[in-house]
Amino acid sequence: MLNIEKLYFNHSSGTSRRNGQEDILKGVSFKIPAGRMTTVLGPNGSGKTTLFKCISGLWHPYEGTIFSGGRDVTKLPAALRARLIAVVPQEHDPPFPYTVADIVLMGRASHVALFSAPSQTDIQAADCAMEQIGISHLRRRPYTKISGGERQLVLIARALAQETPILILDEPTSHLDFRNQILILSKVRDIVRQNGLTILMTLHDPNLAMQFSDHVVMIAEGTVLAQGLPAEVLTPENLRLMYGLDVSVIHHNGINIICPEAAL
Amino acid sequence: MQTEPKIKKILPLLILVSPLVLGWLALFIGAYGIEPFDILSYLFDAIFNPVALDSGEKAILFDIRLPRIILAGLVGIALGGSGVALQGIFRNPLVDPFILGVSAGAAFGCALSVGFFPHLPVQIAAFVFGILSVLLTFTIARTQGEVSRLPLILSGVIISAFFTALVSIVKFLVDPQKLQSIVFWLMGSFALAGWRTVGIAAVGIALGLIPIILMRWRLNVMSMGEEEAKTLGIRVTRERIIFIAASTLMVSVAVSVSGIIGWVGLMAPHLVRMMTGPDHRSLVPLSMAGGAAFMIFADTVARSLTNIDIPVGIITAVIGAPFFIYLMKQGGSESWGR
């Protein structure tokens, strides 16, 4: 679905290693399978965020391509890209107290012409997305007055309203409590199955990656360390390489649990 | 709780008709007293039997007060509309054309044209320097793709101060006859309103108003931030330019006919947002109506509070500055932060 090939990026964008700046992405290549959940795992500063900004079209790699259905995503204009890839940001504080329904409707921006307002079709698509995520009861509440977990659901509903084949989520669990982490990821997994969407997300917790993804890509220092099925990739050896930490993988009732061997 | 939805439905309508009601009332208030009890018969005559009005009162009503009230309304529309658009694209509830330096820039353009280049239409000079000032303010405040609240206000203050200084240079160099008119006009006043001015203002403000009205829903999306708006499919730079150009056009025309009138663009969107919510689909037209109502009210106070015609900019500043302080205090750390 998404084919990322030899991506290079640095902040003095344009040419490589200008101003002595080191590349943040050093030839990242991997494929994101259609209709699956792919998780990118990597320590802080590994280039995960940069990779996401490149795929969202916000930052431009100086070399490499991101192909989807024969088109290079990095060269698409904003409106066309927004019909292909929906980005779910981390929950945030907007400057104005929009209602949940207003926020979800924003997902239709790429479907609404420059000099017009959302049509009945757009409003229905937003309603449908809220229904699917199970947040219809929140529709009139101000987004600023709901909990962090609810906000994340609203942003996922907005991405659904965008009606794209690909959804990318930037650390969707980072500000959430234990229950909400599981809730959000289960919702996302259900949607993938129902709508046949392709998901790319970043996570910090290898256990969540193990439990909720079909495909895992490990990134460290701007390169791909390993990729494949979660159980194949999330091995003690790879995790030690990535985090510099001794871990063991315990098998329990058919689930793999990763736990650190001792305190540092 | 049960009556709340009803009030919410009526409020927008009330705001929309408020400039008409206030404008109608303002027609009968002023230095030349018209008895409150006579208002009804004047209303009747004005509509059905204009000949019955004596000529002096007719002139006061239709050649002095009416154009002045309409002009105040138009300027209010321009200030309220540009205020709401600028607050949306800069995602900052504490800005308006006055704070961002647009008014000062436009005023410099006007002063330049009045003082030295009489052949250059004031509106064009005002627009050129208005847009220059807002772009400068924006460029100074923008870091890493986002515009934080406090830096934006600070750079607005800097740019305002700069253009105000340039206006002072013009005042210093220009001949004394022109100086008087520049000084009076700078304080912000509708005292010289006539039908010709109303015509100019109506055309200029309509040109800026149309794109803002048509694109108003996109302000919702743009206020979520540059990166988020981009991923949602908005061509942020292009659409920002449209909004900035349209707002600046309205403000420049307003400044050219009435001088610098601050704070209206800040207060009108705020009060409307508190009453009817932040969705720009309703907020934009209602802020324009609210701005018009407030401007008509302030101008009526300005011309009837004392024997002399106080510049209306003084009235709006006296009300606006405390309002701004109240907003800042109420918003707490959030208003100061990002």
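Colleague: What makes Arg281(B) and Asp279(B) a salt bridge?

Modeller: The term asks for a side-chain nitrogen of Lys or Arg within 4 Å of a carboxyl oxygen of Asp or Glu. The side chains of Arg281(B) and Asp279(B) meet at 2.9 Å, N to O, so the pair passes that limit. The model is predicted: local features need pLDDT of at least 70, side-chain atom pairs count only at pLDDT 80 or more, and totals for chains, interfaces and linings use all residues. Residues are numbered from 1 along each chain as its sequence is written, chains are lettered from A and ligands numbered from 1 in the order in which they are written, and side-chain values use heavy atoms, without hydrogens and water.

Colleague: Is Arg281(B) buried or partly exposed, and how do you know?

Modeller: Buried means under 20% relative accessible area, exposed over 50%, and partly exposed in between (1.4 Å probe, protein chains only). Arg281(B) has 22% and is therefore partly exposed, whereas Asp279(B), at 14%, is buried.

Colleague: Which parts of chain B does the pair of Arg68(B) and Asp299(B) tie together?

Modeller: The closest N and O atoms of Arg68(B) and Asp299(B) are 2.8 Å apart, a salt bridge. Arg68(B) lies in helix H3 and Asp299(B) in helix H13 of chain B, so the pair ties together parts that are 231 residues apart in sequence. A helix here is a DSSP run (H or I, at least four residues), a strand likewise (E, at least two), numbered from the N terminus. Arg68(B) is buried at 8%, and Asp299(B) is buried at 2%.

Colleague: Why is Thr248(B) called buried?

Modeller: Its relative accessible area is 1%, so Thr248(B) counts as buried. Thr248(B) sits in helix H11 of chain B, residues 236–258. Leaving out residues up to four places away in sequence, Thr248(B) touches Val102(B), Phe127(B), Gly130(B), Ile131(B) and Val134(B), where contact means heavy atoms within 4.5 Å.

Colleague: How do you know how much area chain B and chain A bury between them?

Modeller: Buried area is the accessible area (1.4 Å probe) that two parts lose on being put together, summed over both. For chain B and chain A that is about 2,700 Å², 66% of it on carbon and sulfur atoms. Trp217(B), Thr231(B) and Leu232(B) supply 26% of what chain B buries against chain A, more than any other three residues. The contact takes 32 residues from chain B and 35 from chain A.

Colleague: How many salt bridges are there between chain B and chain A?

Modeller: The count is three. Lys53(A) and Glu227(B) pair at 2.7 Å, N to O, in a salt bridge. H9(B) gives the most to the side of chain B that touches chain A, with five residues.
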